[in-house]
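Let's take a walk through a protein together, one piece at a time. Keep the picture open while you read.

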Amino acid sequence: VAIMFVQNVDEVVFDACCSSDIKDKVAATKYKVGEWDGRVKDKIGTVQHVYGMFIHLPLITAIVSSLVYGIRYSPPFQCPGESSSE
């Protein structure tokens, strides 16, 4: 629903703000869309796939989670020589 809303707003802004020359150029643009060749199916079960899915991805997730947790719940840092009493 949110993507459709953004797309509708984008189309309304495009129709309202762009000149007919720009609209014609956009309409004449041809986009190249590549074909999916199924390479993902061939890689499932390989060492690279297993390493990526079961070692690298969990390791990166654990590192990032521990950094966020550590920064979020650690006490605030103080400069040397500063006292916390005011």
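**A charged pair to start with**

Begin at Asp21, which is partly exposed, with a relative accessible area of 43%. That label sits between two others: buried means under 20% relative accessible area and exposed means over 50%, using a 1.4 Å probe and protein chains only. Lys25 falls in the exposed class, because its relative accessible area is 55%. Asp21 and Lys25 form a salt bridge, with their closest N and O atoms 3.6 Å apart. To count, a side-chain nitrogen of Lys or Arg has to be within 4 Å of a carboxyl oxygen of Asp or Glu, and by that rule the count comes to one salt bridge. Both Asp21 and Lys25 lie in helix H2 (residues 20–28), four residues apart, or about one turn of the helix. Here's the handy bit of background: an α-helix has 3.6 residues a turn, so residues three or four places apart point the same way.

A quick word on what you're looking at: this is a predicted model, where local features need pLDDT of at least 70 and side-chain atom pairs count only at pLDDT 80 or more, while totals for chains, interfaces and linings use all residues. Residues are numbered from 1 along each chain as its sequence is written, and side-chain values use heavy atoms, leaving out hydrogens and water.

Now zoom out. The protein has four helices and zero strands, giving the pattern α-α-α-α along the sequence. Helices here are DSSP runs (H or I, at least four residues), strands are E runs of at least two, and the numbering goes from the N terminus.

The expected span is 1.5 Å times one less than the number of residues. Zero residues of H1 are buried, so this helix lies largely in the open.

What about Cys17 and Cys18? Their sulfurs are 6.6 Å apart, too far for a bond. A disulfide would need a pair of cysteine sulfur atoms within 2.5 Å, and the count comes to zero disulfides. Cys17 is exposed at 62% relative accessible area, whereas Cys18 is partly exposed at 23%.

Finally, follow helix H4 (residues 47–73). Its 27 residues should span 39 Å, and the end C-alpha atoms are 37 Å apart, which agrees. H4 also bends by about 30 degrees at Met53; the bend is the angle between axes fitted to the seven residues ending there and the seven starting there. Ile60 has its place in H4 and is partly exposed, at 40% relative accessibility.
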